[in-house]
Amino acid sequence: MNEKDVLMGQIQDKYSRFRGKNVLTATDFLDLNQQSIANGHTQEGIFYGGYEDAERKRLVFLPDYANLEDTIKVLKVTRAKEGRELTHRDYLGSLLAEGIKREKIGDILVRDDGADILVAAEVAEYLASNYSMAGRVSLKVEIGEVEDLDLSSQKTKEIKDTVSALRLDSVLSSAFGISRSKAQEAVKMGIVFLNGVQMNKSDKQVKEGDKLVIRGKGKACLREVSGKSKKDRIYIIVDRYI
């Protein structure tokens with residue numbers, strides 16, 4: 001049985017329990033590729049990652065009496081002041097070392113003094129009691145709600161450039177500092193997503209406000225399109241998340 005069949009089987013199980021017992025059910029966190037597979041087969045489900053631009057999301061089947069926020073909690077993590085700054089990799093690696101599956105962990109938003117880590121609600125209490133160290137740095141962990149997320153900690157790098165056309169491969173090239181041929185290769189590999197949808201055409205037109213992801217390289221947003229140069233190239237401004 002391939003990954004798609006396994007995923008769709010899990011989704012059907014969640015949906016059947018929701019419809020049969022009218023209870024809140026949710027999948028584990030899905031990456032963008034899994035969301036693309038599930039899209040169109042959600043049967044009343046809602047993709048939810050805790051905030052609008054979340055990359056990893058759960059597919060939630062929501063009865064009238066329940067709230068989306070019941071499925072995700074935020075670990076408000078503060079690192080020891082004397083410790084070094086920690087990276088996304090430090091936090092993820094230390095969470096996995098606690099025996100938590102990757103599928104139970106959503107986005108990790110790193111701050112200078114710690115991180116906001118979105119996790120499946122069912123593992124939040126365990127982590128609050130047991131998660132105390134990352135990269136040999138001591139941590140203080142509290143459970144918060146999604147409304148407590150510190151989205152201001154998301155850092156971006158502004159990239160100003162010109163492109164010959166608002167094609168997906170051209171904008172990817174500017175946003176991620178790669179050649180157009182590398183961008184085209186990434187599209188062919190199925191690791192490029194536009195507004196959460198997996199892309200298979202390099203000439204797809206991109207517009208202002210679109211969100212771009214190359215899995216393994218990060219995400220960016222085409223913030224502004226503003227006129228043309230004397231050589232008829234289009235001015236763009238991209239925010240790349242760092």
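**Exercise 1. A hairpin and its neighbour**

Task: In the hairpin of S12 and S13, which residue takes a positive phi, and how many residues lie between the strands?

Solution. 
- Step 1: Look between the two strands, where you will find three residues, and Gly216 takes a positive phi near 95°. The model is predicted, so local features need pLDDT of at least 70 and side-chain atom pairs count only at pLDDT 80 or more, while totals for chains, interfaces and linings use all residues. Residues are numbered from 1 along each chain as its sequence is written, and side-chain values use heavy atoms, with hydrogens and water left out.
- Step 2: Check the names. Helices (H or I, at least four residues) and strands (E, at least two) are DSSP runs, numbered from the N terminus.
- Step 3: Follow the pairing, which requires that DSSP finds at least two bridges between two strands. S12 (residues 211-214) and S13 (residues 218-228) run antiparallel and are joined by four bridges. Val213 stands opposite Lys219 in S13.
- Step 4: Move on to S14 (residues 234-241), which pairs with S13 in the antiparallel sense over six bridges. Here Leu222 faces Val238 of S14 as its opposite residue. These two strands also form a hairpin, with five residues between them, and Asp232 in the turn has a positive phi of about 70°.

**Exercise 2. The five-stranded sheet**

Task: What is the order of the strands in the open sheet of five strands?

Solution. 
- Step 1: Reading across, the order is S5-S6-S4-S8-S7, with antiparallel pairing. The edge strands are S5 and S7 (133-134), each of which pairs on one side only.
- Step 2: Look at S4 and S6, which pair in the antiparallel sense over seven bridges. Ile72 has Ala120 in S6 as its bridge partner.
- Step 3: An axis is a line fitted to C-alpha atoms, for helices over the stretch in contact, and angles run from 0 to 180 degrees between N-to-C directions. H3 lies across S4, S5, S6, S7 and S8, at about 140° to S5. H4 packs on the sheet too, touching S4, S6 and S8, and its direction makes about 135° with that of S6.

**Exercise 3. The nonpolar cores**

Task: Which residues have the most contacts inside the largest nonpolar core?

Solution. 
- Step 1: Settle the terms. Buried means under 20% relative accessible area, exposed over 50%, and partly exposed in between (1.4 Å probe, protein chains only). A nonpolar core is a set of buried Ala, Val, Leu, Ile, Met, Phe, Trp, Tyr and Cys residues joined through side-chain atoms within 4.5 Å.
- Step 2: The largest core has 35 residues, and Tyr91, Ile117 and Tyr131 have the most contacts inside it. S6 gives the largest share, five residues.
- Step 3: Zoom in on Tyr91. Leaving out residues up to four places away in sequence, Tyr91 touches a list of residues including Val77, Ile108, Ile117, Tyr131 and Leu139.
- Step 4: A second, separate core has 24 residues, among them Val171, Leu172, Ala186 and Leu222.

**Exercise 4. Rings**

Task: How many aromatic pairs does the structure hold?

Solution. 
- Step 1: Rings of Phe, Tyr and Trp (its six-membered ring) pair if their centres lie within 6.5 Å; planes under 30 degrees apart count as stacked, over 60 as edge-to-face and the rest as tilted. The structure holds three such pairs.
- Step 2: Tyr15 and Phe18 make a tilted pair, 6.2 Å centre to centre with 45° between the planes. They are separated by about one helical turn because they are three residues apart in helix H1 (residues 3-21). Tyr15 is buried at 14% relative accessible area, and Phe18 is buried at 6%.
- Step 3: Ring pairs link Tyr15, Phe18 and Phe61 into a cluster.
- Step 4: Now try charges. A charge sits over a ring if NZ of Lys or CZ of Arg is within 6 Å of the ring centre and within 35 degrees of the ring normal. Arg58 lies over the face of Phe29, 5.9 Å from the ring centre, and Lys219 lies over the face of Tyr241, 4.9 Å from the ring centre.

**Exercise 5. Strand S3**

Task: Which residues point one way from S3, and which the other way?

Solution. 
- Step 1: Lys57, Leu59 and Phe61 point one way, and Arg58 and Val60 the other. In a regular strand the side chains alternate between the two faces of the sheet.
- Step 2: Five of the five residues of S3 (residues 57-61) are buried.
- Step 3: S1 and S3 run antiparallel, joined by four bridges, and S2 (residues 46-48) pairs with S3 in the antiparallel sense over three bridges. Val60 stands opposite Ala26 and also opposite Ile46.

Technical notes:
Contact = heavy atoms within 4.5 Å.
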